[in-house]
Amino acid sequence: QVKLVESGGGLVQPGGSLRLSCATSSDTLDRYSVAWFRQAPGKEREGVSCISIIDSSTTYSDPVKGRFTISRDNADNTVNLEMNSLKPEDTAVYYCAADRSPYYHCEAFFSGSVSMDYWGQGTRVTVSS
């Protein structure tokens, strides 16, 4: 069982930046595809960004392209999400998820056709002035 822990959420003004981290002490995260999802109040969960173990490719949802960057820090055993130019509509609980399958690209996880095996408890991001 892999326990994922998110950190870095908080309150930030529009236009500001935050860096979310997903960590685990249970295994090495570079063996997993890792994705960030978010769920805003009253809305369905949506994929935000993903980094694949198949080809190390990264995927971003349209609303965050050009503003968010996902990356691995293998020294710290984390996957980080740099979020810049934050907007009020980015307000949500952000979850990281991980999966070791070598068969599914990030698009499958984003679409919901394949559920990732391990999930964190989430970290809240609030963008407000």
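**Rings, links and cores**

Guide: Start with W119: at 25% relative accessibility, W119 counts as partly exposed. Keep in mind that this is a predicted model.

Visitor: Which ring does W119 pair with, and how do the planes sit?
Guide: F37 is the partner, and the pair is tilted. The centres are 4.8 Å apart, with 45 degrees between the planes.

Visitor: Is F37 buried or exposed?
Guide: F37 is buried, because its relative accessibility is 5% and the cut-off for buried is under 20%.

Visitor: Which residues make up the aromatic cluster there?
Guide: F37, F110 and W119 form one cluster. There is a charge by F37 too: the charged end of R45 sits over the F37 ring, 5.6 Å from its centre.

Visitor: How many aromatic pairs does the count come to?
Guide: The count is 4. One of them is Y32 with Y118, an edge-to-face pair. Their centres are 6.2 Å apart, and the planes make 75 degrees.

Visitor: What does the pair of Y32 and Y118 tie together?
Guide: Y32 is in the loop between β3 and β4, while Y118 is in strand β10 (residues 118-119), so the pair ties together parts 86 residues apart in sequence. Both Y32 and Y118 are buried.

Visitor: What lies over the face of Y32?
Guide: R100 does, at 5.7 Å from the ring centre.

Visitor: New topic. How many disulfides are there?
Guide: A search of the whole structure finds 2. One is formed by C22 and C96, with sulfur atoms 2.1 Å apart. C22 is in strand β3 (residues 18-23) and C96 is in strand β9 (residues 92-99), 74 residues apart.

Visitor: And which cysteine is joined to C50?
Guide: C106, with an S to S distance of 2.1 Å. C50 lies in strand β5 (residues 46-51) and C106 in helix α1 (residues 106-111), so this link ties together parts 56 residues apart in sequence.

Visitor: What pattern do the disulfides follow?
Guide: Counting bonded cysteines along the chain, the pattern is 1-3, 2-4.

Visitor: Are the cysteines buried or exposed?
Guide: C22 is buried at 0%, and C96 is buried at 0% as well. C50 is also buried, at 0% relative accessibility. C106 counts as buried at 1%.

Visitor: What does T59 touch beyond its sequence neighbours?
Guide: Leaving aside residues within four places, T59 contacts V48, S49, C50, C106, E107 and F110. T59 is in strand β6 (residues 58-60) and is buried, with a relative accessible area of 13%.

Visitor: Last one. How many residues are in the largest nonpolar core?
Guide: That core has 28 residues. Those with the most contacts inside it are L4, V34, W36, F68, L81, M83 and Y94.

Visitor: Which strand gives the most to this core?
Guide: β9 does, with 4 residues.

Visitor: What does L4 touch?
Guide: Beyond its neighbours within four places in sequence, L4 has contacts including C22, C96, Y118 and W119. Apart from that core lies another, of 9 residues, among them C50, C106, A108 and F109.

Note on methods. Residues numbered from 1 in each chain as written. Predicted model: local features only at pLDDT ≥ 70, side-chain atom pairs only at ≥ 80, totals over all residues. Heavy atoms only, no water. Helix = DSSP H or I, 4+ residues; strand = E, 2+ residues; numbered from the N terminus. Buried < 20%, exposed > 50% of the residue type's maximum accessible area, 1.4 Å probe, protein only. Contact = heavy atoms within 4.5 Å. Disulfide = S-S within 2.5 Å. Core = buried A, V, L, I, M, F, W, Y, C linked by side-chain atoms within 4.5 Å. Phe/Tyr/Trp six-rings, centres within 6.5 Å; stacked < 30°, edge-to-face > 60°. Lys NZ or Arg CZ within 6 Å of the ring centre and 35° of its normal.
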